[in-house]
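Please keep the sequence and the structure in view while reading.

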Amino acid sequence: MAKVYYNSDANQNYFTNKQVAVIGYGSQGHAHAQNLRDSGVDVIIGIRQGKSFDQAKADGFNVYTVEDAAAQADVIMILLPDETQPKVYEQDIKAGLQAGNALLFAHGFNVHFSQIVPPADVDVLLVAPKGPGHLVRRTYEQEAGVPALFAIHQDVTGEAKELALAYAKGIGALRAGVLETTFKEETETDLFGEQAVLCGGVTSLVKAGFETLTEAGYQPEVAYFECLHELKLIVDLMYEGGLENMRYSISDTAQWGDFVSGPRIVNETVKGEMKKVLKDIQDGEFAKGWILENQANRPVFNAVNQRENQHPIEVVGRELRKMMPFVKQQQTKKEVVTVA
Ligand code: NDP
Ligand code: MG
Ligand code: MG
């Protein structure tokens, strides 16, 4: 078993006399900043003028431009969207880095794919919560936490690991358990998970099931409940106790169907395709496509997004959810759409 770090593994005093700057105040940013502050860490925010700026002010933080915050801080956590990080780093962060400072990320993409190449005299590490930002905050307030990974890319001070664990403690992750990884492993497994299973795999599975039923003449409302709504109930059981717990709760008929039909749906061909998806991630093909797509102002992203939002499962779902006030819309749109 890999070593799992918990609260007692962190140096309580690491942040004494250290200034932390959280750059960005979105899903992860607001959560890290507020959790660190509640853990007694001195945190400032670096953010452009706009919605997040106003929110950070309203939440009582000292808020600066990205440039000023980066220049003042000893520890700089970059929590901007991955696709905007390289430009903001070049323009507003790089010049403020001093020897012995630490540059932190919550995802390895830009360092692993060389979109950001930090100077050789700073520590570079990642602390990546394995959960959406709003849960990082909510669980912290409940005396719990979201698990996280940490990785060290450069350790010039010899204190990078101590910092990673102290930071993970500050955001509450050590309450749940923290594992050491590499930038490569974090980046590749994160991208694979969201593409093959959590986001891409699940949305395609749900849509294919819905389409199969409705094309066979069944009512879209019934298909929606069966293929989308009920998924959460099943996943909750898996989350609480693994596949075994879920299978304990469903009927034996459902469990038999799981055993005989599941492998026909996600068969060797599908698994072969997963391996190709993984290879594209490992080779940098996926990263290249996404970087170019952003440089072109996202023509494909926007077109597919529009089409997806008009899929019949979305149309029928919007209507049905109006009648289910207990199915609360999440706190923010971001929380619904992001996965660690
Ligand atoms: P968000 O999109 O939620 O937040 C982005 C923040 O950056 C906002 O405060 C936004 O401000 C600000 N911003 C955007 N563009 C600029 C710019 N050009 N200059 C200055 N500020 C800017 O990001 P996430 O929290 O989702 O992601 C942050 C990092 O965390 C990423 O590396 C991501 O991979 C990682 N991560 C995210 C997870 C998640 O659950 N979302 C999970 C684990 C890791 P404004 O309001 O002005 O737009
Ligand atoms: Mg059933
Ligand atoms: Mg991700």
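**Annotated sites, helix packing and loops**

Glu230 is found in helix H10, where helices (H or I, at least four residues) and strands (E, at least two) are DSSP runs numbered from the N terminus. The model is a predicted one, in which local features need pLDDT of at least 70 and side-chain atom pairs count only at pLDDT 80 or more, while totals for chains, interfaces and linings use all residues. Residues are numbered from 1 along each chain as its sequence is written, and chains are lettered from A and ligands numbered from 1 in the order in which they are written.

Helix H10 comprises residues 220–249 and also holds Glu226. Glu230 is exposed because it has 11 other C-beta atoms within 10 Å, whereas Glu226, with 15 other C-beta atoms within 10 Å, is partly exposed.

Both glutamates belong to an annotation taken from UniProt: an unreviewed entry gives a "binding site" that covers Asp190, Glu226 and Glu230. These residues are spread over 41 residues of sequence and are also spread in space, with up to 28.5 Å between C-alpha atoms. UniProt positions follow the numbering used here, feature names are shortened, and annotations may be inferred rather than shown by experiment.

The unreviewed UniProt entry also places a "binding site" feature at Asp190 and Glu194. Asp190 lies in helix H8, and Glu194 has its place in helix H8 as well. Asp190 is buried because 21 other C-beta atoms lie within 10 Å. Glu194 has 16 C-beta neighbours inside 10 Å and therefore counts as partly exposed.

The surroundings of H8 may be considered next. Two packed helices are described by the angle between their axes and the distance between the axes. Helix H8 (residues 183–198) packs with helix H12 (residues 268–282) at an angle of about 140°, and their axes are 10 Å apart. Here axes are lines fitted to C-alpha atoms, for helices over the stretch in contact, and angles run from 0 to 180 degrees between N-to-C directions. H8 and H12 are therefore oblique to each other, since angles under 35 degrees count as roughly parallel, over 145 as roughly antiparallel, 65 to 115 as roughly perpendicular and the rest as oblique.

Which residues make the contact of H8 with H12? On the H8 side they are Glu188, Leu191, Phe192, Gln195 and Ala196, which meet Met274, Val277, Leu278, Ile281 and Gln282 in H12; contact requires C-beta atoms, placed from the backbone, within 7 Å. The residues of this contact divide into 7 nonpolar, 2 polar and 1 charged (Ala, Val, Leu, Ile, Met, Phe, Trp, Tyr, Cys and Pro count as nonpolar, Asp, Glu, Lys and Arg as charged, and the others, Gly among them, as polar).

H8 has a further partner in helix H9 (residues 200–215): their axes come within 3 Å and cross at roughly 10°. H8 is therefore roughly parallel to H9. Glu194, Gln195, Ala196, Val197 and Leu198 of H8 make this contact with Gly200, Gly201 and Val202 of H9. By class, the contact of H8 with H9 has 4 nonpolar, 3 polar and 1 charged residues.

Helix H6 (residues 133–141) has Gly133, Leu135, Val136, Arg137, Thr139 and Tyr140 as its buried residues. They pack against helix H1 (27–38) and strand S7 (123–129). After H6 comes Glu143, whose phi is positive, near 65°.

Positive phi values also occur in loops. Ser114, although not a glycine, has a positive phi of about 55°. Ser114 is in the loop between helix H5 (109–112) and S7, and counts as exposed because 10 C-beta neighbours lie inside 10 Å. Arg298, another residue other than glycine, has a positive phi near 60°. The loop between helix H13 (285–295) and helix H14 (299–309) holds Arg298, which is partly exposed, with 14 other C-beta atoms within 10 Å.

A further loop position is Asn62, between helix H2 (51–58) and strand S4 (63–64). With 13 C-beta neighbours inside 10 Å, Asn62 counts as partly exposed. Asn62 and Ala164 are 102 residues apart in sequence and 23 Å apart in space, C-alpha to C-alpha.

Definitions and conventions: A residue is buried if 20 or more other C-beta atoms lie within 10 Å of its own, exposed if 12 or fewer, and partly exposed in between; C-beta atoms are placed from the backbone. Two residues are in contact if their C-beta atoms, placed from the backbone, lie within 7 Å.
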